[in-house]
Amino acid sequence: MNILLVDDEVAVIQILKKAVCWEELGINEVFTAYNAQEAKRIVTQESIQIIISDIEMPQENGISFLTWVQEEYPDIVNIILTGFPDFNYAKDAISIGVFKFLLKPIVFKELKAVVEEAVQNIREEQKREEQRRYGEYYEENRGKTEKIFYRDLLSEEILPFADYMDKEIVRRGMQKEELELDNLVLLPLTGKESKADKGSVFYFALENVAEELFPETVMLEYNGDMIWLVKKGKQKEDIEEMSRVFLGKVSRYLKYELYAYYTKDLRLEEAAQRYRMLKEVSRQYFRKGQRIYYGDPWTGSIMEEALSGNGRSGAGNELIRSLREYLEQHYNESINRKDVEELVHMNQDYLNRSFKCATGYTLMEYVQHFRILKAKEYLADMQKSISEIGGLVGYESPPYFSKIFKKCTGITPAEYRSSLSESGRCT
């Protein structure tokens, strides 16, 4: 965010520029001008968000200059600084929408408070504008936008926590009630289709059939699988019938048997985990003659198998939930396997096996994954340095943080931040 200081007194400009720590107030660059004409040139050529202008200046006074600014650049926040507490000036200032009216001699505490308030107002307005633009885009491209959201959800580009998810939904200009799901149906394709079937044309054909049959369902090709995301109103019997109809329609075109696995009573923040569990179910459970599986009971069987050695099958879900909460609360600390084992009273083999069945990650993979997700969140804040962010997520060595980040994402933290800047997602 940039500010322009306008005053015909050189001393005032120098004092303002040097006596205030503008960076602490959220200001990146300070421009200066000694008359209205010079100020207009800067406003025209540079990106200015805030102007602090004197009123009494030769040739053209501050009121005239700020009237021009209001007409040509209405988003700029204007602040008047003057040594003449004239009531008529105050009326003129109000009429052209001046944000604040400050008097000389300058009270720096008051000046800083006014600039901080202006910066906050600008950020809030930018956020509202972003939400408005996302909202308009969402209404015009609802199907495409929802698919992007759900794909980000399954890949955990959107963190799987209710508070974060709610903020992301608002940021994208979407409505949570319009995104809520009842069911997820997995039709695993990877490793089964022939070479001739591979590629987008094959997935596109399957998607077209599904969308023609079930237009109210969101269809995704993700990670080599076909996924149906079914919104409110479908019961278990409805999902089985939908799967049966679809499999019957496409079976004549396939060189192999296609199976469907589904889960119900789904919450948005559980979508990625449920998908991974269905993926595991699809690897372990299928029988000749049965092509449609309700995955939730099989999910329980996988968990029971993983935990059977310790007699903890009944407490499996609670155990994994508690363990996840512990890792998510302590992700930025040095996490010792032995400490975790003692916490849940399980040895390392059983612990890793049960945890991976439930989440798709080993303990250390999960910590690393969560750290990178949090790092992505921090990287959107331009006020934080990359080294600082590495420390916040548990990596004291900046080079090691960059190495791990690139290993997990394919790009460096700096490259990721640059991509956010280009898309306008940095704050």
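A search of the whole structure, which is a predicted model, finds zero disulfides. For orientation, a disulfide is a covalent bond between the sulfur atoms of two cysteines. Cys-21 counts as partly exposed because its relative accessibility is 39%, which falls between the limits of 20% and 50%. Cys-408 is likewise partly exposed, with a relative accessible area of 37%.

Helix H16 (residues 363–379) packs against helix H18 (residues 398–409), with the two axes 10 Å apart and at an angle of about 100 degrees. Angles of 65 to 115 degrees count as roughly perpendicular, and H16 and H18 are therefore roughly perpendicular to each other. On the side of H16, the contact is made by Gln-368, Ile-372, Ala-375, Lys-376 and Leu-379. On the side of H18, Phe-401, Ile-404, Phe-405, Cys-408 and Thr-409 contribute.

The next element to consider is a sheet. Five strands form an open sheet with mixed pairing, in the order E7-E8-E6-E9-E10. Its edge strands are E7 (218–222) and E10 (292–294), each of which pairs on one side only. From one strand to the next, the twist averages 20 degrees. In general, strands of a sheet pair through backbone hydrogen bonds, either parallel or antiparallel. Within this sheet, strand E6 (residues 183–188) and strand E8 (residues 225–230) run antiparallel and are joined by six bridges. In this pairing, Pro-188 stands opposite Asp-225 in E8.

Helices accompany the sheet. H10 packs on it and touches E6, E8, E9 and E10, and the direction of H10 makes about 160 degrees with that of E9. H11, in turn, lies across E6, E7, E8 and E9 and runs at about 40 degrees to E6.

Ser-243 lies in helix H10 (residues 236–250). Is Ser-243 buried or exposed? Ser-243 counts as buried because its relative accessibility is 1%, whereas the cut-off for burial is under 20%. Leaving aside neighbours within four places in sequence, Ser-243 is in contact with Val-185, Trp-228, Ala-260 and Ile-292.

The loops hold several backbone features. Asp-265 has a positive phi of about 55 degrees, although it is not a glycine. This residue lies in the loop between strand E9 (260–264) and helix H11 (271–284). Asp-265 counts as exposed because its relative accessibility of 55% is over the 50% limit.

Gln-59 provides another case of positive phi in a residue that is not a glycine, with a value of about 70 degrees. Its place is in the loop between strand E3 (50–53) and helix H3 (62–72). Gln-59 also counts as exposed, since its relative accessibility is 81%.

One further loop carries a feature of the peptide bond itself. Where does Pro-105 lie? Pro-105 is found in the loop between strand E5 (100–103) and helix H5 (108–140). A cis peptide bond joins Lys-104 and Pro-105, with omega at about -5 degrees.

How values were computed. Residues are numbered from 1 along each chain as its sequence is written. This is a predicted model: local features need pLDDT of at least 70, side-chain atom pairs count only at pLDDT 80 or more; totals for chains, interfaces and linings use all residues. Side-chain values use heavy atoms; hydrogens and water are left out. Helices (H or I, at least four residues) and strands (E, at least two) are DSSP runs, numbered from the N terminus. Buried means under 20% relative accessible area, exposed over 50%, partly exposed in between (1.4 Å probe, protein chains only). Contact means heavy atoms within 4.5 Å. Two strands pair if DSSP finds at least two bridges between them. Axes are lines fitted to C-alpha atoms, for helices over the stretch in contact, and angles run from 0 to 180 degrees between N-to-C directions. A disulfide is a pair of cysteine sulfur atoms within 2.5 Å. Angles under 35 degrees count as roughly parallel, over 145 as roughly antiparallel, 65 to 115 as roughly perpendicular and the rest as oblique.
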